[in-house]
Amino acid sequence: MDEYFQEKGSKEPLLEPKEPVVAVEHINSELEDILSDTSLSNFQMLERASVIELKNLFRLAAPSVIVYLLNNITSMSTQLFCGHLGNLELAAASLGNEGIQLLAYGVMLGMGSAVETLCGQAYGAHKYGSLGIYLQRSTILLMLSGIPIMVAYLFSKPILIFLGESEKVASAAALFVYGLIPQIFAYAANFPIQKFLQAQSIVNPSAYIAAATLVLHLFLTWIVLYVFEWGLFGGALVLSISWWIVVIAQFMYILWSDTCKKTWSGFSLQAFSGLWDFFKLSAASSVMLCLEAWYFQILVLVAGLLPNPEVALDSLAVCNTILGCVFMLSVGFNAAASVRVSNELGAGHPKSAAFSVVVVTLSSFVIAVVIAIVVMLLRDVMSYAFTGGETIAKASSELAPLLAASVVLNGIQPVLSGVAVGCGWQGFVAYVNVGCYYVVGIPLGVLLGFKFKLGAKGLWLGMFGGTAIQTLILLWATFRTNWDDEVEKTKNRLNKWRDSSKTPLLNES
């Protein structure tokens with residue numbers, strides 16, 4: 001995967017060879033020592049290693065889960081408020097939020113993930129000043145990338161009608177999407193900042209900011225929808241404002257906090273150099289995530305073509321929103337898996353890396369099973385949190401078994417994707433996603449939904465089938481990995497790439 005980090009013929013390479021460096025600032029070898037201690041029985045080894053790894057895992061995962069979950073709840077709450085305005089409003093908000101909005105979310109989060117790789121390497125190599133350069137460079141690129149996405153938002157109504165949506169639903173969804181235009185550029189600033197902080201293991205401030213913003217968002221949304229009665233556009237606009245509050249608060253933390261003094265030295269002209277190479281790196285990083293995000297987006301759009309599309313969209317919206325919340329839990333474990341595996345590989349600990357994979361996968365799986373049981377217990381009433389009406393409640397209840405099964409799969413698949421990122425397998429996973437989602441999942445869903453007249457249930461069965469195959473392939477690839485070979489590949493990569501930034505900062509102290 002070294003081609004992801006530097007392109008041939010680059011006039012100004014992002015990274016250049018220098019002396020060997022270590023992957024992280026400090027890695028505890030206690031876990032590797034225990035796993036290599038032949039004097040311990042298997043039970044003693046497993047017990048001691050599990051205690052150490054679980055502490056490492058939840059120290060990383062818990063704050064990440066909170067951040068992603070709170071951000072997701074902020075968006076979900078807007079759907080919830082709009083849903084109580086009526087079934088059309090819920091369908092429009094679902095189509096806009098889970099359909100069109102995922103275009104921006106997938107692109108921006110995927111491109112922002114490049115910062116996670118580069119900032120993590122730079123921080124581990126003690127090149128602290130480079131983190132601020134990467135943050136600025138990524139933000140510039142994402143802001144520019146937001147312009148064509150904004151154009152797509154502006155033409156959302158004719159696009160939805162062209163795709164076969166009814167004019168009534170398309171008009172309402174477009175009104176909601178217009179209010180989300182400022183959110184595009186909030187994403188462009190938020191994800192580089194978020195990855196910049198995560199690379200330094202600074203997650204708690206983001207969690208506090210997300211929690212405070214959620215409280216403010218709920219209050220403002222209620223005021224706008226039920227006092228001023230601004231409808232779908234007003235609800236979406238409040239959501240955009242809330243995301244900008246998160247961005248500004250996080251950037252203020254970077255400016256004022258002592259913890260970021262080494263990594264943020266001020267704005268730099270260096271951020272405008274090497275943008276094309278950085279764009280190619282960012283684009284490559286976004287492929288894996290976008291293919292997955294667009295998969296769910298396409299299913300939501302296809303649901304609008306079913307007979308009685310409002311019921312289909314509403315029931316899918318209820319289940320998709322619940323699955324999205326559970327997915328945020330798995331994303332936290334995804335981040336922890338990526339950090340744990342990459343750290344242990346960089347430190348030359350193959351046994352610890354392999355053990356980390358097992359522990360994080362099992363932990364996420366157990367939590368997912370518990371949530372799936374809760375979904376089944378609440379299957380008949382879960383839709384009432386989003387909208388009233390027995391029709392939607394019945395349709396959502398029929399999807400509950402598939403939702404529960406999908407919850408279990410989503411307890412495994414995102415974690416394995418995190419392992420893939422930690423090992424540098426993004427290209428492999430992108431090919432897997434194409435095959436499982438677009439060759440199997442969507443055609444199967446369309447076939448079952450329309451040809452066999454299973455409706456929303458058929459679409460979900462197709463989605464489940466594609467995800468199940470993907471999960472099995474990732475399990476097979478992960479657990480047949482030679483971790484000693486992965487350690488060698490990681491060492492070679494770390495020894496090869498170093499930061500070459502030399503332009504002085506505008507505000508360097």
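Trainee: What kind of model is it, and how many helices and strands does the chain have?
Mentor: It's a predicted model, where local features need pLDDT of at least 70, side-chain atom pairs count only at pLDDT 80 or more, and totals for chains, interfaces and linings use all residues. Residues are numbered from 1 along each chain as its sequence is written, and side-chain values use heavy atoms, with hydrogens and water left out. Helices (H or I, at least four residues) and strands (E, at least two) are DSSP runs, numbered from the N terminus. On that basis the chain has 17 helices and two strands.

Trainee: What share of the residues counts as buried?
Mentor: Buried means under 20% relative accessible area, exposed over 50%, and partly exposed in between, with a 1.4 Å probe and protein chains only. Of the 509 residues in the chain, the buried share is 59%.

Trainee: Are α4 and α7 roughly parallel or antiparallel to each other?
Mentor: Take α4 as residues 128-154 and α7 as residues 181-198: their axes are 8 Å apart, at an angle of about 155°. Axes are lines fitted to C-alpha atoms, for helices over the stretch in contact, and angles run from 0 to 180 degrees between N-to-C directions. Under 35 degrees is roughly parallel, over 145 roughly antiparallel, 65 to 115 roughly perpendicular and the rest oblique. So α4 and α7 are roughly antiparallel.

Trainee: How many residues of the α4 contact with α7 are charged?
Mentor: Ala, Val, Leu, Ile, Met, Phe, Trp, Tyr, Cys and Pro count as nonpolar, Asp, Glu, Lys and Arg as charged, and the others, Gly among them, as polar. The contact of α4 with α7 has 18 nonpolar and four polar residues, and the number charged is none.

Trainee: And which residues of α9 make the contact with α6?
Mentor: Helix α6 (residues 167-178) packs on helix α9 (residues 231-256) at about 30°, with axes 7 Å apart, so the two are roughly parallel. Contact means heavy atoms within 4.5 Å. From α6 come A172, L175, F176 and Y178, and from α9 L232, F233 and A236.

Trainee: How is the ring pair of F81 and Y226 classed?
Mentor: Rings of Phe, Tyr and Trp (its six-membered ring) pair if their centres lie within 6.5 Å; planes under 30 degrees apart are stacked, over 60 edge-to-face and the rest tilted. The structure holds nine such aromatic pairs. In this one the centres are 6.1 Å apart and the planes at 55°, so F81 and Y226 are tilted.

Trainee: How far apart in sequence are the parts that this pair ties together?
Mentor: F81 is buried at 15% relative accessible area, while Y226 is partly exposed at 32%. F81 sits in helix α2 (residues 42-83) and Y226 in helix α8 (residues 204-227), so the parts tied together are separated by 145 residues.

Trainee: Which residues do ring pairs link into a cluster?
Mentor: Look for a set of rings joined through pairs. The cluster consists of Y187, F191 and W243.
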